[in-house]
Amino acid sequence: MIADVLNGILLMLWRVVSDQPAPLAALLPALPEALRPVVSAVLCVSPIIGVFATLFALTTLMERKGLGRIQNRLGPNRVGPFGILQPAADGLKMLTKEDIIPRSADKLVHFLAPVALAVPTLLAYAVLPYGRNLVPLDLDAGLLFFFAVGASTELAIFMAGWSSHNKYSLLGAMRAIAQMISYEIPLILSAVTVVMIAGSLSPAHIVARQDGFIWGWVPHWYVLTPWGFVGFLIFTTASLAESNRSPFDLPEAESELIAGHLTEYSGFKYALFFLAEYLGMFAISGLGVTLFLGGWQAPLPGLDWVPSYLWFFSKLILMVFIFIWIRGTVPRLRVDQLLNLAWKFLLPLALINLFTAAIWHFTAVWQFPGALLLRWLLSAVMIGGAYVVLGRALSPRKKVSLRTYRYAT
Amino acid sequence: MLGEGIIKGMAETARNFFGSYHDADRMTTVQFPEDRIPAKENARNFPFLVFDGEDPAKGLRCVACQICEKECPPKCIYIVKDTVKKPDYIGKLQFQPRVFDIDVSVCMSCQICVEVCPFEAIKMDTDYEFGTADRFGGLLLNKQRLAKPNTYYRKIHATEAAEVDERLAAEKAKAEAKAKADAEAKARAAATAAAAKATPTPVVSPTAPAIAPAPAK
Amino acid sequence: MQIPFAIIAALTIVAGIAAMSLRKLVHCALCLALVFAGLAAMYLQLGAQFVGFAQILVYIGAVAILVVFAILLTNSSSSLLPTVRSRSWVFGLVVAVLVFATLVKVILASSTVAGRSLPENPLPTVKDLGTQMMTYYILPLEVMGLLLTAATIGAVIIAMQEKKPVEPLKPGSAGAPPTHP
Amino acid sequence: MQLHHYLIFSALLFAVGLAGALTRRNGILVLVGIELMLNAANLNFIAFWRFSADPQAMQGILFVLFSIAIAAAEAAVGLALIISIYRHYKTTNLEEMNSLQG
Amino acid sequence: MSELLEAPAAGSVTAAPRNYEILPKPTDDGEVGGDLLEVAMGPHHPSTHGVFRMDVVLDGEQVVKLKPVFGYLHRNHEKIAENTTYLASMPYTDRLDYLCSMTNNWAYALSVERLTGLQPPERAEYIRVITAELTRLVNHTCLVGFLLQDMGALGTPLMYAFREREIILDLFESLTGSRMMCNYMRFGGCRVDLPVGWLDQARSALDGYEEFLETFQKFLTENEILVARSQGIGVLPPELAISASITGPMLRASGVNYDLRKVDKYGIYDRFDFRVPLGDHGDVYDRYMIRVLEMQESVKILRQALRDIPGGPIVDPKAKIRGFRPKAGEAYGRIECPKGELGFYLISDGSPNPYRYRVRPPSLINLTVLEDMCLGQTVADAVIILGSVDIVLGEVDR
């Protein structure tokens with residue numbers, strides 16, 4: 001019995017590592033009937049939490065190091081070799097800090113807000129396909145699930161902002177909600193483009209549709225089509241805003257609102273917010289990878305022997321790195337500009353992109369030589385033209401332009 | 001205005017990011033406790049008192065004239081004059097400070113005391129590690145802690161110290177020549193006096209400090 | 001299946017009663033979100049995946065937020081309501097109890113309802129749902145789109161207020177102190 | 001698990017919503033009560049669909065989807081009305097909004 | 001001087017009269033009179049550049065009222081100076097605008113020189129110009145970095161700016177012994193002569209600086225977000241700027257051609273060939289760009305000065321360190337410091353202490369139009385408008 005279980009665990013681990021199907025099926029038959037659902041649930045959930053908590057720790061370090069390098073600094077390098085243990089030190093610091101609750105705060109809501117943020121964020125991981133055979137929950141409406149739990153984080157941010165009973169917190173929370181609602185629309189619309197082409201709401205299916213290579217070496221990823229590229233840009237922009245990252249970090253705009261809805265949080269609760277924010281960023285990057293970058297598919301033929309989840313995580317880290325890079329470069333937008341960008345630029349662009357994708361879809365029947373090139377050019381012109389026109393409209397030449405200066409004689 | 005500016009900016013940050021790995025000039029960070037920037041020759045931090053020779057009690061150049069105490073902008077110097085005179089480096093009899101305290105928590109490192117000192121007795125140190133757990137006693141430097149040898153001064157401010165030494169040596173030579181001349185004159189006078197069998201003249205007292213000490217507060 | 005249902009149902013009802021009886025409006029709104037979440041869970045339990053997720057997306061992600069915004073914009077977020085109940089609250093309560101009693105009586109008396117349990121038939125996929133919506137129910141879908149557009153525009157127009165340009169208070173106006181010499 | 005459990009639960013929720021809508025004075029809470037009643041009705045649709053002989057017929061689900069959309073529109077317009085009334089009367093108390101002209 | 005003013009004559013427009021009454025007592029939420037929200041930004045706030053407070057009343061995100069509150073850093077500078085010797089005030093001037101101690105020194109030295117008639121020798125004048133222009137580079141670089149920080153560019157421009165500033169501070173350290181609190185100028189000259197090789201170091205620093213300015217401009221000036229954030233924000237009309245006696249880059253950004261280096265020609269500024277950049281809009285972007293362009297002009301001045309600097313003594317032989325007692329009289333010395341017109345007004349009664357000592361701080365006077373620029377803008381704009389005014393609280397509060 002015990003030997004069976006051990007054998008099952010080893011087989012399961014081997015199947016996970018070597019990217020073989022049905023790892024859980026290796027273990028479960030060895031267990032008593034009553035334990036099976038519990039064990040399978042635990043085995044689905046705990047690796048996600050473990051892996052992404054580690055990734056969170058690594059990312060905080062990578063972010064600080066990367067920003068340091070961008071600014072020609074060294075970044076943290078005191079705790080452990082190359083500062084590797086810095087996240088542990090930060091975590092210990094957070095946990096040992098005093099938990100301060102303002103006297104006039106609404107204590108219950110103040111306590112619940114970080115939990116209400118962290119739980120849906122973790123739920124979102126349930127539907128992402130991490131590898132060829134690593135899909136925790138292959139839901140038929142997986143994408144809808146992802147956006148549904150994503151939408152419920154807004155209320156948590158409102159809870160944090162309102163319950164702190166602080167003006168900065170409230171302003172930050174209002175900004176956060178306005179921003180997240182506005183950017184959810186382009187986010188969903190850009191995802192809908194992919195759903196339309198792939199014909200499914202299931203992330204695993206969407207990844208499977210991006211299989212194969214054109215001309216034997218160009219991967220069949222959606223980002224490499226004109227509509228997919230623009231969709232990816234819209235998605236990235238909107239996901240920057242959804243995860244409150246620079247240049248859309250208005251809810252926490254340090255120079256205006258101290259820390260927005262986080263102003264009155266300290267210690268473990270702050271750490272939980274911080275964790276949830278990064279987990280949200282990973283989740284949405286993971287979705288971006290799934291939708292546009294081919295998920296766990298290898299970028300070149302002949303690289304299939306590399307375990308598929310490695311491709312997924314390297315793409316994820318690449319996206320996170322781009323987020324950090326952007327954070328190190330650009331200033332922050334203003335609230336009205338932020339909303340203008342969402343409603344007057346991203347939303348129409350996403351709609352036009354949807355239309356372009358439809359044309360791409362319907363011209364797939366073309367069979368004459370050069371059809372692919374023609375389709376490509378057609379969509380590129382459509383969406384590129386829309387980009388230029390909408391971009392011009394967003395920044396009218398009279399109001400905002402580069403200037404030349406005169407000198408007194 | 002369609003995003004080119006942002007892309008240019010991102011190219012610039014990427015250049016800095018990769019540059020920081022191969023171009024050592026970009027990384028200006030000096031990792032402090034292990035590496036230190038050598039102090040500049042003119043660097044100044046807090047004042048110290050210079051003494052000649054080995055013994056701070058003997059060779060202290062300060063004559064407790066209290067000009068620095070008066071000129072110090074934040075009034076961080078506190079001097080009490082000794083009641084007895086001691087010979088200074090030339091051998092002249094001078095007052096010495098019985099108490100010379102500098103409160104470095106008040107001092108603003110302005111170097112005015114150094115400039116106004118007529119005796120080259122107070123100079124600026126380059127030491128900046130004054131961290132202490134005792135914020136009152138630990139930051140109130142007394143005469144013993146302030147006194148540092150001239151060799152140390154030569155080490156931290158070589159050029160300036162050389163000039164000062166030259167000037168002092170010249171002064172000393174002048175003083176010695178004068179003393180010699182005085183002694184000769186005295187001897188001559190004594191000789192003439194002896195010759196004239198006159199009454200003995202009183203001993204020549206050392207010259208008074210250039211500036212009168214400040215009146216008591 | 002009994003126990004999850006009981007838990008969800010109890011939570012939802014408690015949250016619903018709280019949403020209707022708490023004194024702080026924001027608490028009411030948060031409890032309302034809890035009710036929506038409980039209903040979504042119930043839809044999922046019943047196998048209506050798509051509707052469950054749509055419920056979360058629309059109700060928690062939009063309606064609850066709207067309610068919260070309305071509470072903040074009408075400036076009643078932190079103050080306790082002075083009087084909770086309307087003058088005719090006894091009447092309202094009696095009506096509600098009567099309605100509930102009637103409904104329960106009808107449900108228990110109905111022969112089509114009584115004792116019916118879950119059929120074993122397969123559930124439709126999202127694709128089936130989409131196909132149905134785009135073919136047989138295309139007209140209601142289009143009408144719905146029109147309605148939503150109209151409602152959005154209407155809501156914006158109703159809630160919009162014209163902005164006055166900002167001017168500093170003029171000296172001499174009420175409460176203005178003498179200007180600095 | 002039987003159909004009438006769901007129906008009684010939804011009836012209870014409906015009654016709670018109704019009681020709230022009838023007894024609270026605040027306009028926003030009245031709207032909240034109406035939302036609760038709508039949700040209770042939606043649950044009935046889903047329950048009837050699930051317990052029907054042929055779940056492949058999707059009238060129940062589709063009706064609920066449309067009803068959710070309508071509820072969203074209703075909430076938007078209703079809350080917009082309350083906000084604009086608030087701007088006028090400086091109150092959300094329904095009993096104080098007792099004149100047709102302000 | 002009036003022919004230098006390109007804008008309409010002063011006096012026609014005055015700053016909006018302030019209404020500084022205490023607002024009606026806010027409710028629990030801090031809400032004032034319905035929809036307004038009163039927020040005290042500062043004195044402990046990340047973007048108020050020290051211990052400055054802006055009491056803003058917000059309608060949503062829009063500023064409808066702004067009351068600057070300062071004095072948290074008041075150190076009695078003027079009164080202390082009246083109770084201490086002329087020389088002992090010199091290190092205190094370092095601490096007025098602690099980013100630009102050299103120009104503060106110069107302004108104070110200039111007014112004492114006017115009082116006593118001391119004349120700095122040629123070499124000292126050149127050193128003064130060199131150090132003052134280096135200070136201008138330091139100040140403007142820092143300002144641009146801080147402004148971008150206020151706009152939310154997570155430290156990157158600030159770090160680049162500080163790296164360049166470091167090079168100049170090193171120059172200052174090897175010249176004066178201290179990086180920021182230089183205490184370098186003396187009445188009738190400078191304290192010490194340039195160390196050996198300093199001029200070469202300065203030249204090479206300047207080469208690096210030109211490169212830095214170019215990359216910095218590439219990095220930032222065309223950035224859409226910066227342009228959109230700063231254009232049309234915080235407009236200061238030239239009439240108001242003149243009647244509120246705004247000076248410095250802020251005035252020139254409003255299009256008024258007034259630079260004391262050209263107007264007064266103090267020191268030896270008439271020997272250098274440089275231009276005065278002028279803005280046309282008077283918004284935050286103009287203030288930012290004027291400073292960038294001024295840095296380029298400063299580099300030009302520095303090149304000429306480093307080329308032409310003669311040898312010779314650095315202090316007027318008539319100047320004395322001990323027992324300095326100017327004869328009775330009064331004097332006002334002013335220079336174009338990086339922030340505007342910095343002046344020192346002195347009355348001497350013949351004693352070792354000034355009888356009256358008064359600073360005309362450009363930071364404080366430029367701050368007076370803050371409310372006029374911020375009204376109707378959003379909170380985020382108020383922060384960058386404050387950043388573009390370029391204040392240092394040491395100088396505002398003194």
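**Domains, a helix, a sheet and a chain contact**

Mentor: Please do. The domain assignment of chain E gives domain 1 (18–69) and domain 2 (77–397). Bear in mind throughout that this is a predicted model.

Trainee: What distance separates the centres of domain 1 and domain 2 of chain E?

Mentor: Taken over C-alpha atoms, the centres of domain 1 of chain E and domain 2 of chain E are separated by 31 Å. In the contact between them, domain 1 of chain E takes part with 16 residues and domain 2 of chain E with 16 residues.

Trainee: Which strands each supply at least two residues of the domain 1 side?

Mentor: On the side of domain 1 of chain E that touches domain 2 of chain E, these are strand S3 (53–59) and strand S4 (62–69) of chain E. The largest share of that side comes from S4(E), with five residues.

Trainee: And how many residues of that side are nonpolar, polar and charged?

Mentor: The side of domain 1 of chain E that touches domain 2 of chain E has nine nonpolar, five polar and two charged residues.

Trainee: Staying with chain E, why is helix H14 described as largely enclosed?

Mentor: Helix H14 (residues 379–389) of chain E has 11 of its 11 residues buried, so it is largely enclosed by the rest of the structure. Among the buried residues are Asp381(E), Ile384(E), Gly387(E) and Ser388(E).

Trainee: What comes just after H14(E)?

Mentor: Asp390(E) is found there, with a positive phi of about 70°.

Trainee: Now chain B. What is the strand order of the open sheet?

Mentor: The order is S2-S3-S5 in chain B, an open sheet of three strands with antiparallel pairing. Strand S2 (77–87) and strand S5 (140–141) of chain B are the edge strands, and each pairs on one side only.

Trainee: How many bridges join S3 and S5(B)?

Mentor: Two bridges join strand S3 (residues 93–103) of chain B to S5(B), in the antiparallel sense. Opposite Leu141(B) in S5(B) stands Ile102(B).

Trainee: Last topic: how many residues does the contact take from chain A and from chain B?

Mentor: Chain A gives 13 residues and chain B gives 14 residues. Helix H3 (36–70) and helix H15 (371–394) of chain A are the elements that give two or more residues to the side of chain A that touches chain B.

Trainee: What is that side made of, by class?

Mentor: The side of chain A that touches chain B has six nonpolar residues, five polar residues and two charged residues.

Technical notes
Residues numbered from 1 in each chain as written. Chains lettered and ligands numbered in written order. Predicted model: local features only at pLDDT ≥ 70, side-chain atom pairs only at ≥ 80, totals over all residues. Contact = placed C-beta atoms within 7 Å. Helix = DSSP H or I, 4+ residues; strand = E, 2+ residues; numbered from the N terminus. Nonpolar A, V, L, I, M, F, W, Y, C, P; charged D, E, K, R; others polar. Pairing = 2+ DSSP bridges. Buried ≥ 20, exposed ≤ 12 C-beta atoms within 10 Å, placed from the backbone. Domains from an automatic or database assignment.
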